[in-house]
Every structure is written in C-alpha cells, then in structure tokens.
Amino acid sequence: MQEYDKLFEARGSSYDMAMRRFPDARRDEFAQVVEAAALRPGMIVGDVPAGGGYLQSYLPAHCQYRAHEPCGAFAPHQNTNTGFRALLPLPWQDNTLDVVISLAGIHHVDDKLSLFRDMHRVTRPCGRLVISDVAEGSAVAHFLDGFVGQHNSTGHEGSYLNAETSSLLNQTGWQVVSDEIRQIPWHFSSEEDLAEFCALLFDIRRATSADLIAAVKSRLGVQVSAHGGIDMCWSLRTLTAEHA
C-alpha cells in the first residue's frame, strides 16, 4: 500500500479539481462530522489530513480552523499555516486542540495506532475526536479496491476501519462514545456530473464515463433525488471519541 503523501502527490491535484468543480457533491459527509464534533464558540478544530481544506467552509464562524496536510499537491488551496511535512508527528503542541476531525483520509494510513496516539497528544483533556472513513468489507471498500484500483493511476488498496479500530482508540487514551455506519449520498445534477467528479476524484484513466457510471450503478447504486438530480449511494463509518 502506498503511503498517503506519495499517493496524493501523484493524484492530489486531480482530487482537488473534483472538489473545486463540485463543492456540494459531498456536503453530507462534511455536515455529519461537524454535527458529531458538537462544536462550541471559540473551539479550535484540527483537520487531519486536510486535503484542500474543504472542511473549513462547513465550520461555524466562531471556530478556529487548523489544518495539517502532508501532501504538497494540495498547496494551491491549502491554508495550514504550518507548511508541508510528514503526517506524523502532528505539527501542534500538546493539549492545543479542542476537536480533531479526520474525514476519508486515514484509509491510506497503515499505522493508525501512532496516528491516534498523536491525535490524543494534541487534544485537550475532555476534547473530542471524530473519524469518518470507509468501513472494511463495505460496498464502498469493494468499489475502491476493485473498480477504482483497476482503472486509476495509482491503484487502490485501502486500510479501512475494522473491528480493531475501537480497540486502537482505547489503547491510545480515547473513549469511544459513538460508532455507526452512516449512509451519506453524494449529490449531482446529472449522470455526466457524477462521472466527471468521480473520474477526477479517483483519477480514473482507464475507463470511459459510461464504464464508470455502470460500475457505480452496479456496485454502489444511485437514486433520483427529490430535486430531480441523481444521488450516488455512499457510506462511511463514523466514530466519535472523547479524550479520556
């Protein structure tokens, strides 16, 4: 499995282009982690790994945003104030953050024990951690390691959230208070937009738009939205933990 920074040096710019062209496609993903974070005025929120800093626009105005992104391919839109460096150690001092949020990035990180431990280090006592990522054995995991891995520029072999994840969090000082699979559709106005977004996000290079749409329909499923657009079925496992 490729390390996070090397993987996204190869396809981070394409991923970022997808998020910039279709900023609302994954809005439900960001909304649900912000809700789980239970933010209050003045809280400092860390985003790891932060990609292009997409989470920031979903935070309440009264919160302070701190991003850490180890991949320079996201540099044109990233606002970390920390520069680009390795994922670990995290670039903050002990007991600095009120909340750490990690959305859809750590399935590219094998050593989750070290990551969870460092997240605990930088979070204040009684602080909170929200992790939302792909669940092992899910339709999303099979789609990513199957169709995406066969047709993109880098392959795909995820290290997904599994039966050990809660135990690893407990070992590193976190107390898990919520753990659930959430159905979080991606929203598009048309199948063409869906195909363009996914082709960019996953850097699909060896499949046509028709192939991509067919794979999404057969492996994930789609639904017509209430507004006449199309929703692509997607799910994530979301864990909320408190600094014990």
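Strand β6 and strand β8 (residues 230-232) pair in the antiparallel sense over three bridges; two strands pair if DSSP finds at least two bridges between them. Strands here are DSSP runs of E with at least two residues, helices are runs of H or I with at least four residues, and both are numbered from the N terminus. Within this pair, W186 stands opposite M232 in β8. The model is a predicted one, in which local features need pLDDT of at least 70 and side-chain atom pairs count only at pLDDT 80 or more, while totals for chains, interfaces and linings use all residues. Residues are numbered from 1 along each chain as its sequence is written, and side-chain values use heavy atoms, with hydrogens and water left out.

The two strands belong to an open sheet of three strands, ordered β6-β8-β7, with antiparallel pairing. At its edges stand β6 (186-188) and β7 (222-224), each with a single partner strand, so one side of each has no neighbour in the sheet. Direction ignored, neighbouring strands of this sheet are turned by 25° against each other on average. Helix α6 (residues 191-201) packs on this sheet and touches β6, β7 and β8, where contact means heavy atoms within 4.5 Å. The direction of α6 makes about 130° with that of β6; axes are lines fitted to C-alpha atoms, for helices over the stretch in contact, and angles run from 0 to 180 degrees between N-to-C directions.

A second open sheet has six strands in the order β2-β1-β3-β4-β9-β5, with mixed pairing. Its edge strands are β2 (64-67) and β5, each of which pairs on one side only. The twist in this sheet averages 20° from one strand to the next. Strand β1 (residues 44-47) runs parallel to strand β3 (residues 97-103), to which three bridges join it, and V45 stands opposite V99 in β3. Helix α3 (residues 112-122) packs on the sheet, touching β3, β4, β5 and β9, and its direction makes about 140° with that of β4.

With strand β4 (residues 123-133) it pairs in the antiparallel sense over six bridges, and I131 stands opposite L239 in β9. Nine bridges join β9 to strand β5 (residues 174-183), again antiparallel; there the bridge partner of I181 is R237 in β9. How many of the nine residues of β9 are buried? Eight of the nine residues of β9 (residues 235-243) are buried, so the strand is largely enclosed by the rest of the structure. Buried means under 20% relative accessible area, exposed over 50%, and partly exposed in between (1.4 Å probe, protein chains only).

Two helices also pack together. The axes of helix α4 (residues 139-151) and helix α7 (residues 209-219) come within 10 Å and cross at roughly 150°. That makes α4 roughly antiparallel to α7, since angles under 35 degrees count as roughly parallel, over 145 as roughly antiparallel, 65 to 115 as roughly perpendicular and the rest as oblique. In this contact A139, H142, F143, G146 and F147 of α4 meet D211, L212, A215, V216 and R219 of α7.

The cysteines remain. With a disulfide defined as a pair of cysteine sulfur atoms within 2.5 Å, the count comes to zero. C198 is in no disulfide, and the nearest cysteine sulfur, that of C233, is 12 Å away. C198 counts as buried at 0% relative accessibility. C71 is buried as well, with a relative accessible area of 0%.
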